[in-house]
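Subject: Structure for you to look at

Dear colleague,

Here is the structure I said I would pass on. My notes on what turned up follow below it.

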Amino acid sequence: RHFRDVEVLDGGARVRVQPGVTIRQVNARLAPHGYKLGPDPASEAACTVGGVVANNSSGMACGTEFNTYRTLESMTVVLPSGTVVNTADAHADARLRAAEPELHE
């Protein structure tokens with residue numbers, strides 16, 4: 001419940017969200033800018049961004065072109081071990097390999 005921040009960037013072309021925000025909440029913030037998220041699950045009022053990303057959700061209207069993985073620019077992941085991986089970091093792969101060799105493999 002505490003991971004619900006939404007930050008609209010670049011006039012709505014991008015958005016930074018936390019995993020507890022629902023798709024409907026994100027789209028409501030993007031609507032004034034003429035944008036929406038690519039994934040469009042039927043249960044957008046209940047689906048959180050974290051769940052959509054974990055399942056690579058899409059929806060009937062988005063096909064594979066606008067599924068989650070194709071609309072995701074980067075993400076920061078905190079693993080159970082405490083390792084933090086920011087996929088936007090150019091060295092993310094090397095850091096993950098060093099910190100979590102079994103998972104990386």
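Asn86 sits in strand E4, residues 84–86, where helices (H or I, at least four residues) and strands (E, at least two) are DSSP runs numbered from the N terminus. Its relative accessible area is 35%, so Asn86 is partly exposed; buried stands for under 20% relative accessible area, exposed for over 50%, and partly exposed for what lies in between (1.4 Å probe, protein chains only). Apart from neighbours within four places in sequence, Asn86 is in contact with Met75, Thr76 and Ala92, contact being heavy atoms within 4.5 Å. From Asn86 to Cys47 there are 39 residues in sequence and 23 Å in space, C-alpha to C-alpha.

This is a predicted model, in which local features need pLDDT of at least 70 and side-chain atom pairs count only at pLDDT 80 or more, while totals for chains, interfaces and linings use all residues. Residues are numbered from 1 along each chain as its sequence is written, and side-chain values use heavy atoms, with hydrogens and water left out.

The chain as a whole

The chain holds five helices and four strands. Read from the N terminus, the order of elements is β-β-α-α-α-β-β-α-α. The C-alpha trace spans about 40 × 25 × 25 Å along its principal axes. Of the 105 residues, 27% count as buried. Among contacts with a separation of 6 or more, 20% come from residues 24 or more positions apart.

Which residues make up the largest nonpolar core? There are ten: Val6, Val21, Ile23, Val26, Leu30, Leu37, Cys47, Val49, Val52 and Val53. A nonpolar core here is a set of buried Ala, Val, Leu, Ile, Met, Phe, Trp, Tyr and Cys residues joined through side-chain atoms within 4.5 Å. Helix H1 (23–30) and helix H2 (49–55) are the elements that give two or more residues to this core.

In H1, the buried residues are Ile23, Val26, Asn27 and Leu30. They lie on the same side of H1, because they cover an arc of only 95 degrees around the axis; the arc is that of the directions from the helix axis to the C-beta atoms. The buried residues of H1 pack against strand E1 (6–9), strand E2 (14–17) and H2.

Val21, one of the core residues, is in contact with Phe3, Arg4, Asp5, Val6, Val26, Cys47, Thr48 and Val49, leaving aside neighbours within four places in sequence. Thr22 is in the loop between E2 and H1, and counts as buried at 11% relative accessibility. With residues up to four places away in sequence not counted, Thr22 touches Glu44, Ala45, Ala46, Cys47 and Thr48.

Loops

Two prolines, Pro32 and Pro39, are found in the loop between H1 and H2. Pro32 is exposed, with a relative accessible area of 67%, whereas Pro39 counts as buried at 4%. Pro32 and Gly12 are 20 residues apart in sequence and 8.4 Å apart in space, C-alpha to C-alpha. For Pro39 and Asn67 the values are 28 residues and 5.2 Å, again C-alpha to C-alpha.

Asp10 lies in the loop between E1 and E2 and is exposed, with a relative accessible area of 53%. Its C-alpha atom is separated by 9.8 Å from that of His33, 23 residues apart along the chain. Phi of Asp10 is near 50 degrees, a positive value in a residue other than glycine. Most residues other than glycine have a negative phi. Asn56 also has a phi near 50 degrees. The place of Asn56 is in the loop between H2 and helix H3 (68–71), and at 23% relative accessibility Asn56 counts as partly exposed.

Regards
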